[in-house]
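Please keep the sequence and the structure open while reading.

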Amino acid sequence: MRILHHDLHILTGAYALDAVDGPERDRFEHHLSRCRPCDLEVRGLAQTTTGLAMAAAIAPPPQLRERVLAAIAVTRQAPPAAEHHPDPAARPSWLPRLATGVAAASLAVAVALGLVQRSTQHDLDQARAQNQAIAAVLTAPDARIATQATTDGGTATVVVSRAEQKIVFTTAGLPPLPASQVYELWLMGPRHNRPAGLLPAPSAGKTPPLLASGLVPGDRIGVTIEPAGGTSRPTSSPIVLMSLPA
């Protein structure tokens, strides 16, 4: 999508999260050198994202290897076209089998790579949209940030926008869990608790930002340790329970 000059101002949040690339990034950086309000806004957002310990790098999806192997396994293997050889007697007996195997493997890999490319682009598009949604919370006029220690060690940080009815949540220094357990985020209201997502696997001791929506007045933020896959209601006491900043 082509970004017009007057629309470049809206890219400050996405740029701070490293969600702008290619020619679009070049145009915005050129604009940034000439636009002091955008430059100040990007600097402020960079400080916020540093405080959140945000990592915007996009890791390959964990199912990528399985998808490639599955595509190769089900791809029909076609034999190579027959070709004239001036001296059939001189051709080794294993050559046709080798040619057939190479051609089949090449076809399977080509199909698999095509599937992977489409899948990876889809994953990147989703990640970029997620980063832009996170940027919308960080740049909201009413955005507020709070940090609190957990009872298991480490800290939890939340940025909340009541106007957007969303939060961005991240942690640092949480103890690793066995594969049978997961950290789950909750919106804990006066009447009932709602699951808000599972914390991603930590990188360098910090969890990537988790976006949650559906915030209502009176909600607090809680994190519990749950069975792998999460639950629809908490089964343990929260390791952190945060009142949201006004």
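Which residue in S3 does alanine 156 stand opposite? In this predicted model, the residue facing alanine 156 is threonine 171 of S3.

**Overall layout**

The protein has five helices and eight strands. Along the sequence the order is α-α-α-α-α-β-β-β-β-β-β-β-β. Of its 246 residues, 33% count as buried. The accessible surface is about 14600 Å², and carbon and sulfur atoms hold 58% of that area. Among contacts with a separation of 6 or more, 59% are between residues 24 or more positions apart.

**The four-stranded sheet**

An open sheet is built from four strands in the order S1-S2-S3-S6, with antiparallel pairing. Strand S1 (144-149) and strand S6 (210-213) each have a single partner strand, so each stands at an edge with one side left without a neighbour in the sheet. From one strand to the next, the twist averages 20°. Strands of a sheet pair through backbone hydrogen bonds, in either a parallel or an antiparallel arrangement.

S1 and S2 run antiparallel and are joined by six bridges. Within this pair, glutamine 148 stands opposite alanine 156 in S2. S1 and S2 also form a hairpin with five residues between the strands, where glycine 153 takes a positive phi near 100°.

Strand S2 (residues 155-161) pairs with strand S3 (residues 166-172) over seven bridges, again in the antiparallel sense. Besides the alanine 156 and threonine 171 positions, threonine 155 stands opposite alanine 172 in S3. The hairpin of S2 and S3 has four residues between the strands, and glutamine 165 in its turn has a positive phi of about 60°.

Is S2 enclosed by the rest of the structure or left open? Six of its seven residues are buried, so S2 is largely enclosed.

In soluble globular proteins, nonpolar side chains tend to be buried together. Here the largest nonpolar core has 22 residues, and those with the most contacts inside it are Val158, Ile167, Phe169, Leu185, Ile221 and Met242. Two or more residues of this core come from each of S2, S3, strand S4 (181-188), S6, strand S7 (220-227) and strand S8 (240-243). Another core lies apart from it and has seven residues, among them Leu11, Phe28, Cys35 and Val42.

Leaving aside neighbours within four places in sequence, isoleucine 167 is in contact with Val158, Val159, Val160, Leu185, Leu187, Leu210, Leu211, Ala212, Leu215 and Ile221.

Alanine 196 lies in strand S5. With 15% relative accessibility, alanine 196 counts as buried. Not counting residues up to four places away in sequence, alanine 196 touches Leu185, Trp186, Leu187, Leu210, Leu211 and Ala212. Its C-alpha atom is separated by 9.5 Å from that of glycine 222, which is 26 residues away along the chain.

**Salt bridges**

How many salt bridges does a search of the whole structure find? It finds two. One joins glutamate 29 to arginine 25, with the closest N and O atoms 3.2 Å apart. These two residues are separated by about one helical turn because they are four residues apart in helix H2 (residues 22-32).

The other joins the side chains of aspartate 219 and arginine 194, at 2.7 Å from N to O. This pair links distant parts of the chain, 25 residues apart: aspartate 219 is in the loop between S6 and S7, and arginine 194 is in strand S5 (residues 193-198).

| Residue | Relative accessibility | Class |
|---|---|---|
| Arginine 25 | 23% | partly exposed |
| Glutamate 29 | 31% | partly exposed |
| Arginine 194 | 18% | buried |
| Aspartate 219 | 4% | buried |

Buried means under 20% relative accessible area. Arginine 194, at 18%, therefore counts as buried, whereas arginine 25, at 23%, counts as partly exposed.

Conventions
Residues are numbered from 1 along each chain as its sequence is written. This is a predicted model: local features need pLDDT of at least 70, side-chain atom pairs count only at pLDDT 80 or more; totals for chains, interfaces and linings use all residues. Side-chain values use heavy atoms; hydrogens and water are left out. Two strands pair if DSSP finds at least two bridges between them. Axes are lines fitted to C-alpha atoms, for helices over the stretch in contact, and angles run from 0 to 180 degrees between N-to-C directions. Buried means under 20% relative accessible area, exposed over 50%, partly exposed in between (1.4 Å probe, protein chains only). Contact means heavy atoms within 4.5 Å. Accessible areas come from the Shrake-Rupley method with a 1.4 Å probe; for residues, only the protein chains shown count as cover. A nonpolar core is a set of buried Ala, Val, Leu, Ile, Met, Phe, Trp, Tyr and Cys residues joined through side-chain atoms within 4.5 Å. A salt bridge is a side-chain nitrogen of Lys or Arg within 4 Å of a carboxyl oxygen of Asp or Glu.
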